[in-house]
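Colleague: Please take a close look at one part of this model for me: the charged side-chain pairs. Keep it brisk, and show me what surrounds them.

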Amino acid sequence: KEGDLLEFERVGYSHWGVYVGDYNVIHRTEDNGTARVRHPVTAFPHPQPLSQEDSFWTVVGDDKAKINNSFDGTMTAMPGWKVVERARSKLGRTGYNTLFRNCEHFATWCRYGKAVSIQVRYTTSTRCTLFAF
């Protein structure tokens with residue numbers, strides 16, 4: 001339903017967006033949102049990325065998608081109309097950073113008012129552990 005967070009399973013990462021109704025998704029992307037393999041993790045901002053609205057079918061492609069409102073139990077979710085309003089307020093905004101302003105940060109900010117990325121936490125903690133040895 002409107003305001004749900006959608007997680008698109010890609011190779012090596014998940015892409016995130018906000019369902020806004022009529023089979024459309026707003027998402028922050030470093031490409032056109034259809035890349036199936038992640039570039040190497042970088043903390044440097046990408047020059048062209050933006051928040052855009054696309055058809056669910058364009059974004060999902062041949063991959064799997066699921067509704068993932070997993071923080072609903074620990075954070076307060078905004079009403080669906082408010083989540084959509086927040087997502088629309090960022091349409092066309094540029095600025096993507098894999099570690100600090102990615103698609104998951106965008107989606108969780110829209111729904112909960114707080115930008116969180118479990119993928120970044122997991123990836124950076126795993127890398128720190130690997131490099132510690």
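Modeller: Start with K66 and E7, whose side chains meet in a salt bridge at 3.9 Å, N to O. A salt bridge here is a side-chain nitrogen of Lys or Arg within 4 Å of a carboxyl oxygen of Asp or Glu. Side chains of opposite charge can pair when their charged atoms come close. K66 belongs to strand β5 (residues 64-67) and E7 to strand β1, so this pair ties together parts that lie 59 residues apart in sequence. Strands (E, at least two residues) and helices (H or I, at least four) are DSSP runs, numbered from the N terminus.

A word on the source: this is a predicted model, where local features need pLDDT of at least 70, side-chain atom pairs count only at pLDDT 80 or more, and totals for chains, interfaces and linings use all residues. Residues are numbered from 1 along each chain as its sequence is written, and side-chain values use heavy atoms, with hydrogens and water left out.

Now look at how covered the two partners are. Buried means under 20% relative accessible area, exposed means over 50%, and partly exposed is in between (1.4 Å probe, protein chains only). E7 has 10% relative accessibility and counts as buried. K66 is partly exposed, with a relative accessible area of 39%.

By the salt-bridge rule, the count comes to six. Take R10 and D63 next. Their side chains meet in a salt bridge at 3.0 Å, N to O. This pair also links distant parts of the chain: R10 sits in the loop between β1 and β2, D63 in the loop between α1 (56-60) and β5, and 53 residues separate them. R10 is buried, with a relative accessible area of 7%. D63 is partly exposed at 25%.

G61 is partly exposed, with a relative accessible area of 34%. G61 and F8 are 53 residues apart in sequence, and their C-alpha atoms are 9.4 Å apart in space.

What does β1 itself pair with? Strand β1 (residues 5-9) pairs with β2 in the antiparallel sense, over five bridges. Two strands pair if DSSP finds at least two bridges between them.

Follow β2 onward. Strand β2 (residues 14-21) is mostly covered, with eight of its eight residues buried. β2 pairs with strand β3 (residues 24-29) in the antiparallel sense over three bridges. V18 has I26 as its bridge partner in β3. The β2-β3 hairpin has two residues between the strands, and D22 takes a positive phi near 50° there.

Back to charges, with E53 and R88. Their side chains meet in a salt bridge at 2.7 Å, N to O. E53 lies in strand β4 (residues 46-55) and R88 in helix α2 (residues 80-89), so the pair ties together parts 35 residues apart in sequence. E53 counts as partly exposed at 30%, and R88 counts as partly exposed at 37%. Elsewhere, salt bridges with shared partners join D4, D72 and R111 into one network.

Helix α2 and helix α3 (residues 103-112) pack at an angle of about 135°, with their axes 7 Å apart. Axes are lines fitted to C-alpha atoms, for helices over the stretch in contact, and angles run from 0 to 180 degrees between N-to-C directions. That angle makes α2 oblique to α3. Under 35 degrees counts as roughly parallel, over 145 as roughly antiparallel, 65 to 115 as roughly perpendicular, and the rest as oblique. Among the residues making this helix contact are A87 of α2, plus F106 and R111 of α3. Contact means heavy atoms within 4.5 Å.

F106 turns up again beside S51. S51 is found in strand β4 and is buried, with a relative accessible area of 1%. Leaving aside neighbours within four places in sequence, S51 is in contact with residues including H27, R28 and F106.
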